[in-house]
Amino acid sequence: MKTGEGRGVWIADAGAGSVFHPTLSETNLFWTSRDQLVFPWEKTGWLHLYAVPVQGGTARALTAGKFEVTHVDPQP
């Protein structure tokens, strides 16, 4: 049964990278057709994209390297 009630599915690790820094895009949180939430995170000191299942779990890196993601334009 759907209640419309929100719940947390993920929280950033404490310490460096735990404060939210958005990209320059208008939207910074995406719900994909594969029931993944995609968002920017500075876990490594670089702003990259990560995904976590909407049911909750561990975030996995979608981008990596010595660069920062500045804009996000998801494709359907």
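I went through the aromatic rings and counted three pairs, taking rings of Phe, Tyr and Trp (its six-membered ring) as paired if their centres lie within 6.5 Å; planes under 30 degrees apart are stacked, over 60 edge-to-face, and the rest tilted.

Trp10 with Phe39 came up as a tilted pair, at 4.6 Å centre to centre and 40° between the planes. I noted that this pair links distant parts of the chain, 29 residues apart: Trp10 sits in the segment before β1 (30-31), Phe39 in strand β2 (strands are DSSP runs of E, at least two residues, numbered from the N terminus). Trp10 is partly exposed at 28% relative accessibility, while Phe39 is buried at 8% (buried is under 20% relative accessible area, exposed over 50%, partly exposed in between, with a 1.4 Å probe and protein chains only).

Next I looked at Trp41 and Tyr50, an edge-to-face pair with 4.9 Å between centres and 65° between planes. Trp41 is buried at 7%, and Tyr50 is buried at 5%. Trp10, Phe39, Trp41 and Tyr50 make up one aromatic cluster.

A note on the source: this is a predicted model, where local features need pLDDT of at least 70 and side-chain atom pairs 80 or more, while totals for chains, interfaces and linings use all residues. Residues are numbered from 1 along each chain as its sequence is written, and side-chain values use heavy atoms, without hydrogens or water.

Then I checked Glu42, in the loop between β2 (36-41) and β3 (48-53). Which side chain of opposite charge is nearest to Glu42? I found Lys43, 13 Å away, and Glu42 is buried with no salt bridge (a side-chain nitrogen of Lys or Arg within 4 Å of a carboxyl oxygen of Asp or Glu). Leaving aside neighbours within four places in sequence, Glu42 contacts Gly17, His21, Leu47 and Glu68 (heavy atoms within 4.5 Å).

How values were computed: Helix = DSSP H or I, 4+ residues; strand = E, 2+ residues; numbered from the N terminus. Lys, Arg positive; Asp, Glu negative; His and termini not counted.
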